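Visitor: Please walk me through this one. I'm new to it.

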Amino acid sequence: MYLLLAVTGAWKLRRNLFLTRSKTRRGFLFFFLQFVSSVSNQRIRERRREEEETQKLKVHEKEEIGGSMEDVNDYTIIKEGEAEILMHAKNEVFYNKTQVNNRDISIAVLRTFISKRKEEHEAVLLKRTTATPKVSEKDAVEEAPDKCESVANDEKSNGEVERPKETCEDEACGTSEEPTKTTERKGPGQLKPPRVLEALSASGLRALRYAREVEGISQVVALDNDKVSVEACRRNIKFNGSVACSKVESHFADARVYMLTHPKEFDVVDLDPYGSPSVFLDSAVQSVVDGGMLMCTATDMAVLCGGNGEVCYSKYGSYPLRGKYCHEMALRILLACIESHANRYKRYIVPVLSVQMDFYVRVFVRIYTSASAMKNTPLKLSYVYQCIGCDSFHLQPLGRTASNKNNSVRYLPGFGPVVPQACSDCGKKFNMGGPIWSAPIHDQEWVTSVLADVKSMKDRYPAYDRISAVLTTISEELPDVPLFLSLHNLCATLKCTSPSAVMFRSAVINAGYRISGTHVNPLGLKSDAPMDVIWDIMRCWVKNHPVKAQPPDQPGSVILAKEPTLQANFARAVASLSKAQAKKVARFLPNPERHWGPKLRAGRQITSKHISLLGPEAVNGHLSLEDGEEPDAKRQKTEEDPTSNS
């Protein structure tokens, strides 16, 4: 009996334990499935929330510009470097894909400027540290105001100490809107991050790339005088995240007025207008700190290259000549114009890089303040005499210097004329142009630093191939030789076959002169050899490669009628090939795509007239019904009235 009860109890206990374990297992499985379901549901909810927020952001962006939900698809995202912008299909804000070369090379120069600025500041601090023990504390206290003024006017301080003169005034008056900044300025050893001003921002792509790609920039101020452009720039700033929002500011203002009201406040000022920058130069040179940099672009190449000489003189104060070197002359005209504006405020420029690329010229100059150094400006400018027959050119400097008995320097007008009334080579008259900048347009140390930076960060430059090729060619140019010769132009004058560039280079080198290429023209040659030596070399070439008889009054006939005084040696010289040519480094690259060039100004509609500019494929894709009707109406009017001048 007791045994039966014990067996029955054990069986019931085991059954209860089994049921409990089963319930536990089922409960664990239930809770596990519930947990997995909740996690997946949470992810789904988060994804939906992100999609809703993205949609709300797009709606908010559209509402900011007065658009509607249907306009969202009218925007395309354009990515360049690390920046992205939203572009409207109606071409409301100007964006030029071709200027990627311009933006890339500007970023490279800006990086080099920041590093050079730091090195110069450390050198100034080291100089002050070594000179400090020689001065007693009492003398240092008495001479403190004078030091503030001298540092503000020191042309070698390069803007490292930010407005020390203003600091002294603020301390004396006791009034300062930003007391914290005034405290920071007291330390002469502090170097604040540079501030950049983009005077004509449009979509803000350049300012965004500066902020996101160049380390060490504290602020980028983007200006524009068009409300649509300012709205687009602010929208793009938000679109690029927190870094852009913290560094880039967009303002609706006239760039000229803004720069005039902010004198010597920006370490870098960037001018990249659609056309001529002449109207902005006077205020731009005043807005840059001492030792700061001005970046300036000019796209009106037809004016600068001699298409409209009188317009060029009215805008830039110089008369251009139409020669093979016209693009380099455009660079030198722009530099002379900037120097002229800077001189009005006791300032002068030092070019570090000057580039002719695609359809524009771009110069990078540093600006200093010094009334004494400004006197050297006439030594840096020259007039150009170009023969109308053989295209020989000669430079006439504006000024010269002379030393007195006490070794003081006197500044005198230049001697002249450097040419007779008729060309000594062909007997024709001369055209006179200028004045142009005849001093070096590059700083070879800077060019080497920029090129090294570009090669070390090639992945961060979308146009690496193009800008590295240009910088490589610039690094091999003769820095002290203005303008250049064209070998094909020389042969065209003489009506002879052309020697190879290596043979011509060798003849010049064997004659004891220097020669190099130029980044402006693949066929251009810079040389310090005078024109009579150049023509003697060509006379020796023609003796070995005779030409057909020409009329005696032709410039080529007059040149060949003279016997050469120099016997040219065409044996191959060691330096006849540049380092880039010897290493087979590409120097002149073709355009990356068809119809590469300037695009339409913002606000203009694309019509069938722009086939030669954009290509038939692009035009056909953008033509609307109204755009197609307008040319038909004009064509009908022309057919009805053949004498119409419209």
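**After a helix, and onward**

Visitor: What follows α13?
Guide: Glycine 317 follows α13, and its phi is positive, near 75°. Helices here are DSSP runs of H or I with at least four residues, strands are E runs of at least two, and both are numbered from the N terminus.

Visitor: Hold on, what kind of model is this?
Guide: The model is predicted, so local features need pLDDT of at least 70, side-chain atom pairs need 80 or more, and totals for chains, interfaces and linings use all residues. Residues are numbered from 1 along each chain as its sequence is written, and side-chain values use heavy atoms, leaving out hydrogens and water.

Visitor: What is the mean pLDDT?
Guide: The mean is 79, and 70% of the residues reach 70 or more. pLDDT is the predictor's confidence in each residue, from 0 to 100. Residues 61–70 fall below 50, and that stretch has 14 contacts beyond near neighbours in sequence. A contact means heavy atoms within 4.5 Å. Residues 140–187 are also below 50, with 54 such contacts in the model.

Visitor: How many helices and strands are there?
Guide: The protein has 24 helices and 17 strands. Of its 646 residues, 44% are buried. Buried means under 20% relative accessible area, exposed means over 50%, and partly exposed is in between (1.4 Å probe, protein chains only).

Visitor: Back to α13. Which of its residues are buried?
Guide: In α13, residues 309–316, they are Gly309, Cys312 and Tyr316. Down the helix axis they fall within an arc of 55°, so they line one face. That arc uses the directions from the helix axis to the C-beta atoms.

Visitor: Why would residues spaced like that point the same way?
Guide: An α-helix has 3.6 residues a turn, so residues three or four places apart point the same way.

Visitor: What do the buried residues of α13 pack against?
Guide: They pack against α11 (278–287), β7 (288–298), α12 (301–304) and α14 (326–343).

Visitor: Which residues touch the most others in the largest nonpolar core?
Guide: Met259, Leu271, Leu294, Leu304, Ile338, Phe504 and Met538 do, in a core of 83 residues. α14 gives the largest share, eleven residues. Another core lies apart, with 50 residues, including Leu208 and Phe359. A nonpolar core is a set of buried Ala, Val, Leu, Ile, Met, Phe, Trp, Tyr and Cys residues joined through side-chain atoms within 4.5 Å.

Visitor: How many aromatic pairs?
Guide: Six. In one, phenylalanine 359 and tyrosine 360 have ring centres 5.1 Å apart and planes at 80°, so the pair is edge-to-face. Both residues are buried. Rings of Phe, Tyr and Trp (its six-membered ring) pair with centres within 6.5 Å; planes under 30 degrees apart are stacked, over 60 edge-to-face, the rest tilted.

Visitor: Where is proline 417?
Guide: Proline 417 is in the loop between β13 (409–413) and β14 (430–437). The peptide bond from glycine 416 to it is cis, with omega near -5°. The bond from glycine 434 to proline 435 is cis too, with omega near 5°. Proline 435 lies in strand β14.

Visitor: Is asparagine 407 buried or exposed?
Guide: Asparagine 407 is exposed, at 65% relative accessible area. Its phi is near 65°, positive though the residue is not glycine. Most residues other than glycine have a negative phi, and most peptide bonds are trans.
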